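Below is a brief report on one protein model. Keep the sequence and the structure open while reading.

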Amino acid sequence: MMRTMRIDDLGLSTYRLVIDWMCKRGKTAQAYMMFEEMHERGIQVDNLTLASLIYGLLVRGRVREAYKIVEGIEKPDISVYHGLIKGLLKLRRASEATQVFREMIKRRCEPTMHTYIMLFQGHLGKRGRKGTDTLVNFETIFVDGLVKAGKSLEATKYVERSLRKGLRCPDLI
């Protein structure tokens with residue numbers, strides 16, 4: 001009896017946390033059951049919850065299902081696009097993640113520094129992570145400066161150019 005009353009008190013934030021946790025642990029089936037339960041209880045789903053579910057599906061290779069959820073979102077925000085981009089990069093589909101980035105820009109969703117860093121790292125692999133490669137570290141610092149200065153358009157163009165022509169690092173040998 002007491003447990004039943006507690007379950008009725010669950011709200012969006014609790015569901016979001018549980019779904020996010022389950023998706024990060026690869027328990028997408030259970031996360032989707034929680035998602036369905038939210039619908040049954042009449043709890044309005046937000047974009048953060050959907051982003052977690054999208055990422056969880058992508059990590060499990062369920063690309064079509066993830067895209068189906070994205071298509072059903074009336075106004076996707078940065079969290080939805082980040083879940084989609086991050087999931088695609090995890091599947092090593094960097095060019096597809098870049099297409100999502102372009103769609104995000106078309107829909108006037110403002111990218112953040114995190115968006116650019118994810119794309120750089122996705123295209124550059126381990127080289128894109130913080131390491132001894134000074135050119136890559138310069139790229140991320142430079143883009144960070146552009147974004148913080150409010151020059152998102154310039155940062156977007158710079159990233160596009162860099163990804164299109166590829167970064168060439170000098171041989172250190």
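Asp46 is buried, since its relative accessible area is 17% and the cut-off for buried is under 20%. This is a predicted model. Asp46 has a charged partner: Arg16 forms a salt bridge with it, and the closest N and O atoms are 2.5 Å apart. The two residues sit 30 residues apart and link distant parts of the chain. Arg16 belongs to helix H2 (residues 12-24), while Asp46 lies in the loop between helix H3 (28-40) and H4.

Is Arg16 buried, exposed or partly exposed? Arg16 counts as partly exposed, because its relative accessibility is 24%. In general, side chains of opposite charge can pair when their charged atoms come close.

## Other salt bridges

The structure holds 5 salt bridges. One of them joins the side chains of Arg62 and Glu65, at 2.7 Å from N to O. Arg62 counts as partly exposed, at 29% relative accessibility. Glu65 is partly exposed too, with a relative accessible area of 36%.

Another salt bridge pairs Arg107 with Glu103. Their closest N and O atoms are 3.0 Å apart. Glu103 has a relative accessibility of 31%, so it counts as partly exposed.

## Overall fold

The protein chain has 10 helices and 0 strands. Read from the N terminus, its elements run α-α-α-α-α-α-α-α-α-α. The chain has 173 residues, and buried residues make up 42% of them.

How many of the contacts between residues at least 6 apart in sequence join residues at least 24 apart? The share is 59% in the protein chain.

## The nonpolar core

The largest nonpolar core holds 45 residues. Ile19, Ile54, Ile85 and Val143 touch the most other members. Helix H8 (residues 113-124) supplies the largest share of this core, with 7 residues. In soluble globular proteins, nonpolar side chains tend to be buried together.

Take Ile19 as an example. Which residues does Ile19 contact, leaving aside its neighbours within four places in sequence? They are Ala31, Met34, Phe35, Met38, Thr49, Ser52 and Leu53.

## Helix packing around H6

Helix H4 (residues 47-59) packs against H6 at an angle of about 10°, with the axes 8 Å apart. H4 and H6 are therefore roughly parallel to each other. On the H4 side, the contact is made by Asn47, Leu48, Ala51, Ile54, Tyr55, Leu58 and Val59. H6 contributes Ser79, Val80, Gly83, Leu84, Lys86, Gly87, Leu88 and Lys90. The residues of this contact divide into 9 nonpolar, 4 polar and 2 charged.

H6 also packs against H8, again at an angle of about 10°, with the axes 10 Å apart. These two helices, H6 and H8, are therefore roughly parallel to each other. From H6, the contact uses Ile78, His82, Ile85, Lys86 and Leu89. From H8, it uses His114, Thr115, Met118, Leu119 and Gly122. The residues of the H6 contact with H8 divide into 5 nonpolar, 4 polar and 1 charged.

## Arginines in the loops

Most residues other than glycine have a negative phi. Arg92 has a positive phi of about 65°, although it is not a glycine. Arg92 lies in the loop between helix H6 (78-90) and helix H7 (94-106). Its relative accessibility is 77%, so Arg92 counts as exposed. Arg108 also has a positive phi, near 60°, and is a residue other than glycine. Arg108 is found in the loop between H7 and H8. Arg108 counts as exposed, because its relative accessibility is 77%.

Arg93 is placed in the loop between H6 and H7. Is Arg93 buried, exposed or partly exposed? At 33% relative accessibility, Arg93 counts as partly exposed. Leaving aside neighbours within four places in sequence, Arg93 is in contact with Val63 and Leu88. The C-alpha atoms of Arg93 and His123 are separated by 9.0 Å, and the two residues are 30 residues apart along the chain.

Terms used. Residues are numbered from 1 along each chain as its sequence is written. This is a predicted model: local features need pLDDT of at least 70, side-chain atom pairs count only at pLDDT 80 or more; totals for chains, interfaces and linings use all residues. Side-chain values use heavy atoms; hydrogens and water are left out. A nonpolar core is a set of buried Ala, Val, Leu, Ile, Met, Phe, Trp, Tyr and Cys residues joined through side-chain atoms within 4.5 Å. Buried means under 20% relative accessible area, exposed over 50%, partly exposed in between (1.4 Å probe, protein chains only). Helices (H or I, at least four residues) and strands (E, at least two) are DSSP runs, numbered from the N terminus. Contact means heavy atoms within 4.5 Å. Axes are lines fitted to C-alpha atoms, for helices over the stretch in contact, and angles run from 0 to 180 degrees between N-to-C directions. Angles under 35 degrees count as roughly parallel, over 145 as roughly antiparallel, 65 to 115 as roughly perpendicular and the rest as oblique. Ala, Val, Leu, Ile, Met, Phe, Trp, Tyr, Cys and Pro count as nonpolar, Asp, Glu, Lys and Arg as charged, and the others, Gly among them, as polar. A salt bridge is a side-chain nitrogen of Lys or Arg within 4 Å of a carboxyl oxygen of Asp or Glu.
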